[in-house]
Amino acid sequence: MSNSQILIEIFGYIGMALVLVSMMMTSTKKLRIFNLSGAVVCMTYGVLTQTWPTALLNLGLTAIQIIQLIRLGKKEEN
């Protein structure tokens, strides 16, 4: 395994860890931010490794988290 492949794998594990950590958050906003970060990293990992189901799933999760964060922000304003 080359150095670049190892770095890509580490990148994937970082994304996975962010998603797992997000599930331990008690604050909805923190949960969504950590999950969004993990989804973006995992989506990038999916593209780099050409695992399209992983990339597409995390693209969807990214969109969902962004929408929910916007809604949460509007709710906090009111």
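In the predicted model, helix H2 (residues 28-48) and helix H3 (residues 52-77) have axes that come within 8 Å and cross at roughly 155°. Helix H2 is therefore roughly antiparallel to helix H3, a label given to angles over 145 degrees, with those under 35 counted as roughly parallel, 65 to 115 as roughly perpendicular and the rest as oblique. Here the axes are lines fitted to C-alpha atoms, for helices over the stretch in contact, and the angles run from 0 to 180 degrees between N-to-C directions. The crossing of H2 and H3 is left-handed, in that the near helix is turned anticlockwise from the far one by less than a right angle; clockwise would be right-handed. The contact of H2 with H3 comprises 14 nonpolar, 8 polar and 3 charged residues. In this classification Ala, Val, Leu, Ile, Met, Phe, Trp, Tyr, Cys and Pro are nonpolar, Asp, Glu, Lys and Arg are charged, and the others, Gly among them, are polar.

Residues are numbered from 1 along each chain as its sequence is written. As the model is predicted, local features need pLDDT of at least 70 and side-chain atom pairs count only at pLDDT 80 or more, whereas totals for chains, interfaces and linings use all residues; side-chain values use heavy atoms, with hydrogens and water left out.

The chain contains 3 helices and 0 strands, arranged along the sequence in the pattern α-α-α. These elements are DSSP runs numbered from the N terminus (helices: H or I, at least four residues; strands: E, at least two). Along the principal axes, the C-alpha atoms of the chain fill a box of roughly 55 × 20 × 15 Å. Of the 78 residues in the chain, 22% are buried (buried: under 20% relative accessible area; exposed: over 50%; partly exposed: in between; 1.4 Å probe, protein chains only). Among contacts in the chain with a separation of 6 or more, 47% involve residues 24 or more positions apart, a contact being heavy atoms within 4.5 Å.

Beyond residues up to four places away in sequence, threonine 62 touches Leu36, Ala39, Val40 and Met43. Asparagine 58, also found in helix H3, is buried at a relative accessible area of 7%. Isoleucine 64 of helix H3 is, by contrast, partly exposed, at 45%.

On helix H2, arginine 32 touches Gln65, Gln68 and Leu69, not counting residues up to four places away in sequence. The C-alpha atoms of arginine 32 and threonine 51 are separated by 24 Å, the two residues being 19 apart along the chain.

The structure holds 1 salt bridge, defined as a side-chain nitrogen of Lys or Arg within 4 Å of a carboxyl oxygen of Asp or Glu. Glutamate 76 and lysine 29 form this salt bridge, with the closest N and O atoms 3.9 Å apart. The pair links distant parts of the chain, glutamate 76 lying in helix H3 and lysine 29 in helix H2, 47 residues apart. Glutamate 76 counts as exposed at 52% relative accessibility, whereas lysine 29 is partly exposed, with a relative accessible area of 39%.
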